[in-house]
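Dear colleague,

I am passing on the structure below for your records. I would be grateful if you could read the notes that accompany it.

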Amino acid sequence: MKRLITATALLLASSALASAEGVLNLYNWGNYTSPELLAKFEKDTGIKVSVTDYDSNTTALAKIEAGGAGFDLVVPSANYVGIFRDKGLLTELDLSKLPNHKNIAADWMDVDWDPGRAYSVPWLWGSTGVGVNTSVYKGDINTSAIWLDVPDELKGKVNVTPEMNDVVALATMYAGGEFCTEDVEVLKKTRDLLMAAKPHWMSMDYGMEDKMATNDVAASVYWNGAILRARLKNPDVAYGYPKEGFILWMDSIALLKDAQNVENAYTFINYILEPEHAAMLSAFARYSNGVAGSEEFMPEDMKDAPEVVVPEEFKAAGHFLPACSPKAQEYITAIWTELQK
């Protein structure tokens, strides 16, 4: 998740990336790759990593499916790993080249979207909920009513991240349905909720870490790590877990079928599976990782952060998004298209 400003990315001058000794081309979410980790990796291995940003799974999929981009590694979310795999865009991992594969935490090894971790390894994981400035709104923040039945105090002060699946999924759960449903009545209710709420929003945008920290935005559908970063700058910011249902996600790094720097890619994947290095990713982006033993290297302010540690009372409301059927995805896209008008 994840999709913030791109200041830390090492942008490439051309979309045609050449294969070169000591080079690795990573395609990742914006502001999601630790510069400290990259500097350490280059120092330790001599391999320079060039990072190109994207802002959504659909953007990344379209770019890679078009071919010729020259990327070696990509970081899709859980519900997109299978799509990339089934389209023949990923290479099955050679585990003999990944001795640190054993460091993947048990909870994140035999996952539904990649059983046995044959095609991907964990990058970071977190949740999508709501960030709220509690100096502006004193009510319950653990509800999607914050943005779907906007309280008077928040009208005109709410942002909704322009991430189609997250937004429609949260609205569907608020409507009492399940994401990927083909139930027309539930879908109509979801659409109506979104359309009725939209006039009370101020924006549909990214970059909420700074905007919430400076009180430019009072509430936002957003990702937990970014809201944690906002809270560290402004203690009035809090993260809410919608009791009607919120999203759990994990982004995983995968080797592309047409990768040109394959050995360098394996070196990088193995490197980030070292507990200390996984913790560096977490320390930068402020999300949890899936590597066992990384806990001792994590920043102290993350170990019990309410944005990171899901309260027991809300755990059952967290759901990973499945990959939808073509028909269900068509409905979701139609709702999203109408919302953009």
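Predicted model: local features only at pLDDT ≥ 70, side-chain atom pairs only at ≥ 80, totals over all residues.

I begin with the strand β9, residues 246–255. Ten of its ten residues are buried, so β9 is largely enclosed by the rest of the structure. In a regular strand, side chains alternate between the two faces of the sheet. In β9, Phe246, Leu248, Met250, Ser252 and Ala254 point one way, while Ile247, Trp249, Asp251, Ile253 and Leu255 point the other way. Residues on both sides are buried, Asp251 and Ser252 among them.

- β4 (residues 120–133) runs antiparallel to β9 and is joined to it by eight bridges; serine 120 has alanine 254 of β9 as its bridge partner.
- β3 (residues 73–74) is also antiparallel to β9, with two bridges; here leucine 73 lies opposite leucine 255.
- β10 (residues 318–320) pairs with β9 in the parallel sense over three bridges, and glycine 318 of β10 stands opposite phenylalanine 246.

The helix α5 covers residues 164–174. Ten of its eleven residues are buried, so α5 too is largely enclosed by the rest of the structure. The buried residues are Met164, Asn165, Asp166, Val167, Val168, Ala169, Leu170, Ala171, Thr172 and Met173. After α5 comes glycine 176, which has a positive phi, near 95 degrees.

With kind regards

Technical notes. Residues numbered from 1 in each chain as written. Heavy atoms only, no water. Buried < 20%, exposed > 50% of the residue type's maximum accessible area, 1.4 Å probe, protein only. Helix = DSSP H or I, 4+ residues; strand = E, 2+ residues; numbered from the N terminus. Pairing = 2+ DSSP bridges.
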